[in-house]
Every structure is written in C-alpha cells, then in structure tokens.
Amino acid sequence: RPDTPLLSGTEPYRNGAWRVSPNLAGGVAQLQANTERIRQAANERANVRWLDERDMSVADPQGILVIGHTRVLEDDAQRASFHRFRRNLWNPTVLTYDELLERARFLVSRAATAASAAKQEVLADDLADASDARAWHSDPPVDDLEDFPF
C-alpha cells in the first residue's frame, strides 16, 4: 500500500541509521520465500516437462516489492538509510509507489515519442511515395507530348 511506512521509530537506530519498517522487512522476506518456492517448483518433474514444452525455463526469479511512498522520508539520513537498504538487496527489487508511477510516466513518454517519430517517418515515406507516384503517373507537360512515341 502507498501509505505503508518504509522506516520505523521516531529517531535513528544508531549512527544516523534508521530501521526499516516491519512491513518492509516482512515483504522482503515473503518475496524471497516466494521466489525460492517458484525456483524449486520449476525443478519438479511435471513442471520441467510443462516448461520444456513451452521452451521456457526458470533460473532465479526476480521479485519486485512495491511499498510506501518516498514523501515519508523526511531527511537525508532517512533517505540514505532506505536507499542503502534496498541498494544492497539482491532480491527483491524494492520500489515505492511514486517511483513506480514515475517509471510508468517515463516509459509512456518514451513510447509516445517513439510512436510520434515512427508516425512522422511513415508520413514522410507516404509523401515521398505519393510524390514518386505523381511523377510516374501524372500527365506529361504539354510541350513534351511530341517526344512520345504514339
């Protein structure tokens, strides 16, 4: 949930470091257990056959935990504690809701820019094709009619 706390306590634990919240620690532990269970299940005989039939495999599934909001990180020490914690996790990846929204906006913006560029390219190609077609299919100028072999 976006309102889930990222850190716990009202003051730093020690040396300016803040504890992660029980929900954040628990979410990480839950995802680690789930991804391990997925990896183990992928090695069971029936699942191996099912995956092989679909030309799929499971190596080390990556979990993604979406939790909280960065606005609750009130100062540099809190932000640093949160970023250190998640940066040093191998699995899962921890994102906040606002970061996920910004990533989505960025991707949509890039996709829109790419689509617009592709559309412009198609329009330019269409105009070039239309111009070529007019050159091939248009009536010749009147003063050139004498040069035609008919």
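**Figure 1. Contacts of Leu-31 in the predicted model.** Beyond its neighbours within four places in sequence, Leu-31 is in contact with Gly-63, Ile-64, Leu-65 and Pro-92. This is a predicted model. Leu-31 and Leu-65 are both among the 12 residues of the largest nonpolar core.

**Figure 2. The largest nonpolar core.** This core consists of Leu-6, Leu-7, Trp-18, Leu-24, Val-28, Leu-31, Leu-65, Ile-67, Leu-73, Phe-82, Leu-89 and Val-94. Helix H1 (residues 22-42) contributes the most to the core, with 3 residues. In soluble globular proteins, nonpolar side chains tend to be buried together.

Figure 3. The bond from Asn-91 to Pro-92 is cis, and its omega is near 10°.

**Figure 4. Positive phi at Asn-15 and Asp-55.** Most residues other than glycine have a negative phi. Asn-15, not a glycine, has a positive phi of about 50°, and Asp-55, also not a glycine, has one of about 55°. Asn-15 is in the loop between strand S1 (7-8) and strand S2 (19-20). Asp-55 is in the loop between helix H2 (45-53) and strand S3 (64-66). Asn-15 is exposed, because its relative accessible area of 84% is over 50%. Asp-55 likewise counts as exposed, at 72% relative accessibility.

Figure 5. The structure contains 6 salt bridges; two of them are described here, Arg-39 with Glu-36 and Arg-105 with Glu-102. In the Arg-39 and Glu-36 pair, the closest N and O atoms are 2.5 Å apart. Both residues of this pair, Arg-39 and Glu-36, lie in helix H1, 3 residues apart, about one turn of the helix. Arg-39 is partly exposed at 25% relative accessibility, as is Glu-36 at 33%. For Arg-105 and Glu-102 the N to O distance is 2.9 Å. Both lie in helix H4, 3 residues apart, about one turn of the helix, and Glu-102 is partly exposed at 45% relative accessibility.

**Figure 6. The salt bridge between Arg-86 and Glu-99.** The side chains of Arg-86 and Glu-99 form a salt bridge with an N to O distance of 2.6 Å. Arg-86 lies in helix H3 and Glu-99 in helix H4 (residues 97-137), so the pair ties together parts that are 13 residues apart in sequence. Arg-86 and Glu-99 are both buried.

Definitions and conventions:
Residues are numbered from 1 along each chain as its sequence is written. This is a predicted model: local features need pLDDT of at least 70, side-chain atom pairs count only at pLDDT 80 or more; totals for chains, interfaces and linings use all residues. Side-chain values use heavy atoms; hydrogens and water are left out. A nonpolar core is a set of buried Ala, Val, Leu, Ile, Met, Phe, Trp, Tyr and Cys residues joined through side-chain atoms within 4.5 Å. Buried means under 20% relative accessible area, exposed over 50%, partly exposed in between (1.4 Å probe, protein chains only). Helices (H or I, at least four residues) and strands (E, at least two) are DSSP runs, numbered from the N terminus. Contact means heavy atoms within 4.5 Å. A salt bridge is a side-chain nitrogen of Lys or Arg within 4 Å of a carboxyl oxygen of Asp or Glu.
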